[in-house]
Amino acid sequence: MSNAISIKCLTKTFGDITAVDNLTLDVPKGSAFAFLGPNGAGKSTTLKILTSLIKPTSGEAHFFNIDALEEPHEALLQIGAVVESAEFYPSLTPSETLDYFGRLRGMNSDKISRNSNKFLKLVGLGNWSDKKIGTFSRGMKQRLAIAQALLHEPPILLLDEPTFGLDPRGMVEIRNVFKDLTKEGKTIFFSSHLIGEIEEICDTLAIIDKGQVLFSDTMKNLMKEFKTDDLEEIYLKTITESVR
Amino acid sequence: MKRTKINRTKQFQDVIKFELIKFLRSRKIRAALILTAIVPLLIYLLTNFLLDSFISQIYSDSGIVNDYQIFVNFILTLSLVNVIMFGGDSLTNDFENKTGYTLFINPISRTSFLFGKFVAASIAIISFNILFYVLASIFSYAKHSAIPENALLSLVFASLFSIGLLSTSFALSSLFKRSNMSNIAFIFLWFIVVGLVEYFLVLAEIKPWWSLTYAAGIIIYIFEVPYPKDSVIDIPSLLIPGQSQTIVNLIPEVNLSIGVFLMYIIVGLMISVLFYKRKQLN
């Protein structure tokens with residue numbers, strides 16, 4: 001199987017702190033890949049590098065055959081992303097925001113309008129498309145962030161805590177959206193603390209701590225190796241061993 | 001893999017469009033509108049009804065040109081206020097308010113984005129300059145049944161001055177992470193540093209020709225025909241009634257001042273692009 005995302009020896013330092021330490025990872029095309037780790041493990045920093053929000057100190061990253069560091073704009077066309085707690089311009093409406101982002105991505109008006117309606121409905125904002133975002137709750141902004149990630153129908157989705165701020169019903173709805181997307185063959189790179197969520201959506205997993213990958217394989221192989229199907233137990237064991 | 005060509009000119013136009021929409025829906029547009037409308041009205045009322053005798057003491061000829069110059073004097077302050085409102089946070093707010101996390105994951109060129117924001121802020125600021133001159137002209141017409149020659153030229157100079165200020169504001173904004181810091185630096189630079197340097201240079205009878213605020217003198221002097229030359233003038237002392245005080249009036253040259261405006265616009269934008277492209281969302 002070819003890789004949708006290839007990360008090689010990626011390092012990012014902030015002064016004395018090494019947030020990402022020589023990280024190497026391959027995400028197979030069409031997989032739902034979980035990126036699991038404790039706070040400060042380097043998950044968000046890796047996602048920010050992949051989305052060109054920050055520059056790495058060294059290393060390589062590719063989406064398919066596109067160098068994400070050398071051709072960031074070309075690479076960004078291949079991905080849709082939800083990074084950190086999403087914020088939008090409060091005076092714009094969701095429709096206007098998606099129109100703006102669609103234009104920046106070079107989409108034509110018809111496609112923007114069609115996809116805007118489709119994805120706003122999908123994330124449950126169909127009736128809010130013309131309301132100012134300034135009046136939205138955290139959860140509604142998160143739904144909009146997911147809609148903007150889907151807008152241009154990218155083959156790869158990079159999601160950092162995508163259900164953050166959603167109520168339990170919203171979480172279920174959005175997880176179902178992601179499950180459907182994996183069935184459509186999209187590659188999902190999914191960072192989360194919620195082990196239940198990862199078990200439900202993902203088929204492949206990498207456990208990361210102190211900026212390094214501790215383990216990376218399919219869920220099936222992972223459970224075989226640790227002789228248990230309890231992901232939480234596997235995760236805690238891996239992290240504890242890493243601390244020792 | 002299908003490769004898409006992004007049209008940077010189109011991106012630039014889209015940024016202008018959405019920046020203007022944001023301005024039109026913001027509170028600052030209402031604040032700028034009130035300020036621009038109220039100040040000429042206040043100047044008109046004060047100079048014609050309340051301070052008429054004082055004004056006539058300072059200006060030997062309280063004709064159309066002097067009356068209009070009293071209005072136009074305020075355009076310098078108005079420009080500073082409008083630049084802070086429309087440009088002060090332009091390059092910091094996406095980092096400060098975290099909107100950059102959804103914006104910069106799009107394949108947008110930072111240069112197109114910066115220029116789009118700059119043009120949108122320039123349009124907003126120039127629109128208020130125009131409104132100010134229209135109101136000043138209405139009040140001038142109400143009193144003198146005429147508008148002074150060169151009012152349009154003065155507006156062009158005022159707009160170049162405002163864009164020069166905006167460019168310095170963008171340059172400072174590109175250096176800081178927070179709008180408060182860049183606005184404080186902007187105010188400190190123009191009101192304190194440049195103000196003091198200019199003051200002492202003029203006292204020493206040295207022309208601070210390189211200063212944007214000194215060059216802005218052409219916005220006011222352009223009404224005088226012929227264009228004035230450096231002079232020493234006596235005005236009534238504000239401290240000792242009945243006495244006069246001598247001041248040296250160093251007049252900025254028109255062509256040089258236009259060059260200074262353009263230099264600030266170009267250098268400010270170059271600094272902005274250089275630093276803005278390096279800004280990261282840590």
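# Chain B and its contact with chain A

Asp14(B) and Arg103(A) form a salt bridge, with their closest N and O atoms 3.0 Å apart. A salt bridge here is a side-chain nitrogen of Lys or Arg within 4 Å of a carboxyl oxygen of Asp or Glu. The rule finds two salt bridges across the interface of chain A and chain B.

This is a predicted model, in which local features need pLDDT of at least 70 and side-chain atom pairs count only at pLDDT 80 or more, while totals for chains, interfaces and linings use all residues. Residues are numbered from 1 along each chain as its sequence is written, chains are lettered from A in the order in which they are written, and side-chain values use heavy atoms, without hydrogens and water.

The contact (heavy atoms within 4.5 Å) takes 36 residues from chain A and 34 residues from chain B. Leu53(A), Tyr89(A) and Leu104(A) supply 21% of the area that chain A buries against chain B, more than any other three residues. Buried area is the accessible area (1.4 Å probe) that two parts lose on being put together, summed over both.

The table lists two areas.

| Area | Value | Share on carbon and sulfur atoms |
|---|---|---|
| Buried between chain A and chain B | about 3400 Å² | 57% |

Chain B has 12 helices and two strands; helices (H or I, at least four residues) and strands (E, at least two) are DSSP runs. The C-alpha atoms of chain B fill a box of roughly 80 × 40 × 30 Å along the principal axes.
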